[in-house]
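Work through the exercises below with the sequence and the model side by side, trying each task before reading its solution.

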Amino acid sequence: MTAKSIFMAAATLIALTSCGNSDSFRISGEIKDAGAKTIELTYCPGGEVKRITVKAVDGKFAIEGEAPQPALGFLSVSGGVPVATLIVENGEETVCEIDVEKPAEAKIKGSRDNEELAAFLRENARTLEAGNPNEINAAVAKFVGAHRDSKAATAILVTRFCSTDNEIAADSLMSLISPSARSSALLLNFSAALASQLSAEARADIVAMSLYGRNDSVIRYNPFRQKCSLLAFVGENKACRDSVLPVLRALSKDFDHKLLKTVEISTAPDSATWRRLTEQDSASWSQAWAPGSVAAPNVRRMAVARVPFFIIADSTGRQIHRGSSARVAERIVRDYIKSKPTN
């Protein structure tokens, strides 16, 4: 038996024999090549962020903390990128063997929830590293469906699921998990972020509005005047905005105003910045500025989550699509207009 194996066996034995302290949790183990570096645990019990740091000894460490209800914890070396994601809770003992070069292959001994969490990360390491949102979401959905009573399902959904533009799917998956396995400390701000996109107000019909246009003009937007509307919210980042313009230009060229109304709405902090960003444009679509950014009354009710952001509405104002991809928005506009016969 190697020295490392002896250490892990001893640490596990200590964990098992000392388990039962209901006032704290304990995480111990070894991180390869950590030497005498600082090991940091960050977690959020009761809505506040807590950090506990200890000095490793030849890579070995032990951390104790308090978490009255299950919470997400992130282990890192010298405050760097997390090398392990754990569920911490009073009374729990966890033993880790981690390689900072291969964090997904960490060996975790402790609660069933933590062991299931570690197993998911090991088994899906290649998928997570590749970063394809569709593949990652499929893996998360499969795990959640098979582990509805596990806190690991909540931890994986919160930390790994790509919820941007997939808010409805994320909400559906969360509803599958047993209430006992999704404490507020595990959820962090996940539910609040979803709620802003799933609220009745955010998804309500788009109504007529007056917007501040270029040259101090007023743009009077009414969804009933055309078959389809595209509201494109952009920020002050030039590179980001430049990636959106080809889509707006192509759609405006291919569809007249009776079929499509395209309105680019800037969330720049002031009108001077907006004018500077758009002064070289030869836009054939409407360009507006929202005083107060996304908090402007006309915009706030639409719950614009980020920029760029696109809302597509039909002639009744019903929202067809909400999302952050310009190319996806373009495809949906084209498919919708082609699928609807001209009156």
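**Exercise 1.** How many bridges join strand β1 to strand β7, and do the two run parallel or antiparallel?

*Solution.* The model is predicted, so local features need pLDDT of at least 70 and side-chain atom pairs count only at pLDDT 80 or more, while totals for chains, interfaces and linings use all residues. Residues are numbered from 1 along each chain as its sequence is written, and side-chain values use heavy atoms, with hydrogens and water left out. Strands (E, at least two residues) and helices (H or I, at least four) are DSSP runs, numbered from the N terminus. Strand β1 (residues 25–32) and strand β7 (residues 93–99) run parallel and are joined by seven bridges; for glycine 29, the bridge partner in β7 is cysteine 96.

**Exercise 2.** Describe how helix α4 packs with helix α5.

*Solution.* Helix α4 (residues 133–146) and helix α5 (residues 151–160) pack at about 165°, with axes 9 Å apart, which makes α4 roughly antiparallel to α5 (over 145 degrees). The contact (heavy atoms within 4.5 Å) includes Ile136 and Phe143 of α4 and Ile156 and Arg160 of α5.

Notes
Axes are lines fitted to C-alpha atoms, for helices over the stretch in contact, and angles run from 0 to 180 degrees between N-to-C directions. Angles under 35 degrees count as roughly parallel, over 145 as roughly antiparallel, 65 to 115 as roughly perpendicular and the rest as oblique. Two strands pair if DSSP finds at least two bridges between them.
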